[in-house]
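Please read it alongside the sequence and coordinates shown below.

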Amino acid sequence: MLSSVAVKRLVSGMCRTAQRPALIGMVSARGYRGDSPEDTKGDLIEIPLPPWEEKIGEPVEIKKRRLLYESRKRGMLENCILLSLFAKRYLNTMSEKQLQQYDRLINEPSNDWDIYYWATEAQPTPDIYQGEVMDMLKEFTKNREQEQRLDAPSLEYLEKEIQ
């Protein structure tokens with residue numbers, strides 16, 4: 001708990017900060033440096049990822065379970081929700097060729113935002129990822145049934161399918 005003295009200091013500091021631009025007559029000069037045309041992006045660090053390799057000889061059931069896990073555990077929440085719901089709906093009905101396409105799609109690109117932009121059609125999909133599975137994902141992303149997609153599905157449905 002904050003003491004009353006600390007709360008008073010905090011509130012008075014916030015009030016002074018809120019009034020400062022009006023008193024001085026100008027807006028704060030803070031901004032995102034990446035939007036600047038002079039930004040050389042020299043401070044960006046790209047972490048090299050190992051190249052994607054297809055797992056030859058992997059049993060189909062193991063591949064489906066691995067892809068389900070990898071669909072759920074993404075680098076960003078948007079893809080976690082989108083891909084886990086997509087996997088819940090389509091993974092068990094995919095052919096081996098479709099599973100291979102999906103595996104490559106979710107594991108080869110090094111940036112999860114790329115997958116998201118391709119699925120939402122905000123950016124064009126590179127030819128190497130364009131195919132039947134990408135078409136299914138793009139259609140799924142349109143959410144024509146207007147489902148509420150706020151969270152990844154629970155894992156209870158997996159137990160029902162196994163029994």
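Leaving aside neighbours within four places in sequence, with which residues is L105 in contact? L105 is in contact with I115, W118, Y129, M134 and L137, where contact means heavy atoms within 4.5 Å. This is a predicted model, in which local features need pLDDT of at least 70 and side-chain atom pairs count only at pLDDT 80 or more, while totals for chains, interfaces and linings use all residues. Residues are numbered from 1 along each chain as its sequence is written, and side-chain values use heavy atoms, with hydrogens and water left out.

- In soluble globular proteins, nonpolar side chains tend to be buried together.

**Salt bridges**

- The structure holds nine salt bridges, each defined by a side-chain nitrogen of Lys or Arg within 4 Å of a carboxyl oxygen of Asp or Glu.
- E61 and K64 form a salt bridge with an N to O distance of 4.0 Å. These residues are about one helical turn apart, because they lie three residues from each other in helix 2.
- K64 is buried at 11% relative accessible area, whereas E61 is partly exposed at 48%; buried means under 20%, exposed over 50%, and partly exposed in between (1.4 Å probe, protein chains only).
- The side chains of E145 and R89 meet in another salt bridge, at 3.7 Å from N to O. This pair links distant parts of the chain, 56 residues apart, with E145 in the loop between helix 6 and helix 7 (156–162) and R89 in helix 3.
- E145 is exposed, with a relative accessible area of 55%, while R89 is partly exposed at 35%.
- R104 and E108 are joined by a salt bridge whose closest N and O atoms are 2.8 Å apart. Both partners are partly exposed, R104 at 23% relative accessible area and E108 at 25%.
- Salt bridges with shared partners connect E58, R66, E70 and D103 in one network.

Note on methods:
Helices (H or I, at least four residues) and strands (E, at least two) are DSSP runs, numbered from the N terminus.
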